[in-house]
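Let's walk through this model together, one question at a time. Have the viewer open as you read.

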Amino acid sequence: MSARGISLDELRTAFGEEFEIVGDWPADAQWPTLVAALPVNDVARGRKIAEAVTSVEIAGAAWTRSDKNGATFYSLRPFGGFVPVCPTIAVSERMMIAGSDTGAVETALSRVAQPAGELEKSAIFRDATGQVPPADSAFTLCRYSSLLRTGGCCRPSASPDGRGAFSRARADD
């Protein structure tokens with residue numbers, strides 16, 4: 001980043017201290033998506049950092065820039081062959097979101113724009129947050145029932161070497 005004129009202090013000023021990564025594999029999607037989010041403290045610096053990151057071509061392709069719903073999007077054309085990836089970064093007034101798919105980034109950005117999502121309304125989540133000390137700790141809430149559902153995304157299965165693996169769930173299971 002320093003080669004692009006971005007200092008560590010500028011990163012600290014531009015973004016908040018929290019970092020979130022979310023993986024999702026909807027039942028109707030062929031491949032999972034991955035999205036990472038940072039809160040934005042300084043929008044101008046956040047956009048400057050996004051410009052620096054996207055100034056480098058990936059897989060011989062240049063990033064394209066567009067503005068949508070008050071956010072600046074930077075994206076590459078899909079690449080990856082068997083497992084297609086369409087890297088996208090969006091910077092809004094509140095968040096910088098990067099993901100493996102433009103649709104996933106747009107969805108994440110729309111969720112950020114909505115007040116109090118379903119997670120904050122969940123009694124399980126509220127109970128879990130009440131048990132964690134503030135500021136210097138982290139926790140993860142994972143609802144395995146949705147991850148391991150029949151006909152859903154992935155589930156653990158035995159493998160010949162005994163180490164275990166994840167396999168795509170079949171509809172007839």
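Predicted model: local features only at pLDDT ≥ 70, side-chain atom pairs only at ≥ 80, totals over all residues.

Residues are numbered from 1 along each chain as its sequence is written, and side-chain values use heavy atoms, with hydrogens and water left out.

Q: What is the mean pLDDT of the protein chain?
A: pLDDT is the predictor's confidence in each residue, from 0 to 100. In the protein chain, 73% of residues reach 70 or more. The mean is 77.

Q: In which strand is confidence lowest?
A: Strands here are DSSP runs of E, at least two residues long, and helices are runs of H or I, at least four, both numbered from the N terminus. Strand S5 has the highest confidence, at a mean of 95. At the other end, with a mean of 41, sits strand S8 (residues 165–168).

Q: How many helices and strands does the protein chain have?
A: From the N terminus on, the elements run α-β-β-α-β-β-β-β-α-α-α-α-β-β. That comes to 6 helices and 8 strands.

Q: Which residue in S6 stands opposite Ile89?
A: S5 (residues 88–91) runs antiparallel to S6 (residues 95–99), joined by 4 bridges; strands count as paired if DSSP finds at least two bridges between them. A hairpin through 3 residues links S5 to S6. Opposite Ile89 you'll find Ala98.

Q: Which residues of S5 point the other way from Thr88 and Ala90?
A: Residues from both sides of S5 are buried, meaning under 20% relative accessible area with a 1.4 Å probe and protein chains only, while exposed is over 50% and partly exposed is in between. Thr88 and Ala90 point one way. Pointing the other way are Ile89 and Val91.

Q: Is Thr33 buried or exposed?
A: Thr33 is in strand S2 (residues 33–39). Leaving out residues up to four places away in sequence, Thr33 touches Val22, Gly23, Asp24, Ser100, Asp101 and Ala104. Its relative accessible area is 18%, so Thr33 is buried.

Q: Why does Phe19 count as exposed?
A: Phe19 is in the loop between helix H1 (8–14) and strand S1 (20–24). Phe19 is exposed because its relative accessible area is 53%.

Notes:
Contact = heavy atoms within 4.5 Å.
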